[in-house]
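Take a moment to turn the model around on your screen.

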Amino acid sequence: MAATLKASTVKALAEKHNLTEIPPIYNFQTLSTIDQAIASGGAGEDQEPIPVIDFSLLTSGTPDQRSPIVRNLGNMCRDWGCFMVINHRVDEGLINKILDSCKEFFDQEEEVKREYEGKHTSDPICHGTGADAAVTEVLFWRDYLRVMVHPEFHSPSKPAGEVLAEFTNAIRGMVRDLLGGISESLGLESSYMDRALNLESSLQFFDANLYPPCPQPELAVGLPPHTDHGLLTVLIQNGINGLQVQHEDKWVAANIIPGAFFVNIGDQLEVFTNGKYKSVFHRAAVNNTATRISIAVPNGPSADTIVKPVPELLDNGSCPAAYAGMKYKDYLELQHGSGLKGRAWII
Ligand SMILES: O=C(O)CCC(=O)C(=O)O
Ligand SMILES: [Fe+2]
């Protein structure tokens with residue numbers, strides 16, 4: 001096996017060449033020592049589990065049941081920046097269908113997928129691999145499909161339009177309810193964020209990630225540490241773990257409860273709350289036995305919303321704004337140019 005192998009996708013590389021070693025371009029130990037320190041260090045065992053919220057109590061409980069749930073939700077946002085959602089009412093059959101159809105997408109011939117090869121990360125449908133080598137030194141052990149699904153709806157041939165629309169609509173509904181609870185946890189009206197951030201026209205993407213088995217998982221990285229750009233990202237996976245979140249300076253493995261959604265705070269919510277609820281750094285590790293598929297759905301404000309710290313949280317000026325206001329779409333441009341290196345605009 002030649003070490004300089006180039007393949008169009010990680011999937012093709014992993015399947016076709018009987019690999020025993022990864023090509024050097026995928027080896028993150030070749031990074032500068034500072035970046036290596038961030039990328040390395042496995043998730044320790046024996047750690048606190050990621051907190052869980054029962055969505056049915058948030059949306060249909062009595063006011064007495066709701067208030068401790070809202071308080072808990074706020075604590076999870078403040079202390080973890082992420083949580084798992086159970087009893088969410090999104091149909092299990094629909095979740096299986098969308099995961100299956102993502103597998104079908106990645107299983108297509110390379111030429112078929114190449115039709116969606118993005119020229120720019122902002123193209124409405126974009127299939128790619130690794131990452132842009134122009135902005136990162138090392139390629140990631142990941143192929144992806146990214147689709148813009150709201151307010152404009154786009155769909156590739158797979159997942160089929162109806163399934164994609166049904167799934168992403170359901171996620172948007174859940175996210176609006178969660179943001180209602182999060183607004184309340186900040187002492188704001190439950191509809192506050194919905195109005196202030198124009199969620200009726202919220203920008204929503206559908207990101208499917210494929211991590212093929214990797215012969216040297218300790219040397220490769222699925223996705224490096226980063227924060228997500230939006231308000232809340234909702235993630236499901238095909239039963240294979242790999243996501244890790246940073247909590248109190250340690251990496252914690254997210255053992256996602258089967259059937260639950262993993263939800264993490266993105267940069268826009270950090271800015272809006274003036275840092276009270278921070279976007280959480282997370283990364284994806286790879287393994288040498290099973291193909292992992294994850295679907296991450298980042299949900300943002302509308303593209304034209306200027307996101308800035310909400311005045312009600314600035315205590316009449318006694319607590320200064322720690323972030324500059326910026327249009328969400330300008331932030332996205334900035335983040336695309338930074339090669340997934342995390343927050344881009346903290347003052
Ligand atoms: O695959 C994962 O677990 C993480 C995906 C992710 O962080 C992303 O797509 O932004
Ligand atoms: Fe992410």
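Eight strands form an open sheet in the order β1-β2-β10-β7-β12-β5-β4-β3, and their pairing is mixed. A strand here is a DSSP run of E with at least two residues, numbered from the N terminus, and two strands pair if DSSP finds at least two bridges between them. The edges belong to β1 (52-54) and β3 (125-129); each has a single partner strand, so one side of each is left without a neighbour in the sheet. On average, neighbouring strands of this sheet are turned by 25° against each other, direction ignored. That angle comes from axes, which are lines fitted to C-alpha atoms, with angles running from 0 to 180 degrees between N-to-C directions.

A word on the ground rules: this is a predicted model, where local features need pLDDT of at least 70 and side-chain atom pairs count only at pLDDT 80 or more, while totals for chains, interfaces and linings use all residues. Residues are numbered from 1 along each chain as its sequence is written, chains are lettered from A and ligands numbered from 1 in the order in which they are written, and side-chain values use heavy atoms, leaving out hydrogens and water.

Let's step through the sheet from β3. Five bridges join β3 to β4, and the two run antiparallel; look for Thr129, which stands opposite Asp143 in β4. How well covered is strand β4 (residues 143-150)? Eight of its eight residues are buried, where buried means under 20% relative accessible area, exposed over 50%, and partly exposed in between, using a 1.4 Å probe and protein chains only. Next, β4 is joined to β5 by seven bridges, again running antiparallel, with Arg146 facing Asp207 in β5. Then strand β5 (residues 204-211) connects to strand β12 (residues 292-299) through six bridges, also antiparallel, and here Leu210 stands opposite Ile293 in β12.

Now for the metal. Which residues hold the iron ion (ligand 2)? His226 (NE2), Asp228 (OD) and His282 (NE2) coordinate the iron ion, at 2.1 to 2.2 Å. Such donors are N, O and S atoms within 2.8 Å of the metal (3.2 Å for Na, K and Ca), and since water is not among the atoms, sites may look incomplete. Along the chain, the donors of the iron ion follow the spacing H-x1-D-x53-H. Two of them are buried: His226 has a relative accessible area of 5%, and Asp228 has 11%.

Ligand 1 has His226, Asp228 and His282 around it too, along with others including Asn209, Tyr211 and Leu243; a residue counts as near if one of its heavy atoms lies within 4 Å. An oxygen atom of ligand 1 lies 2.6 Å from a polar side-chain atom of Ser294, one is 2.9 Å from an N or O atom in the side chain of Arg292, and one is 3.3 Å from a polar side-chain atom of Asp228.

Note on methods:
Helices (H or I, at least four residues) and strands (E, at least two) are DSSP runs, numbered from the N terminus. A polar contact is a pair of N or O atoms within 3.5 Å; within protein, one must be able to donate a hydrogen and the other to accept it, and residues adjacent in sequence count only if both atoms are side-chain atoms.
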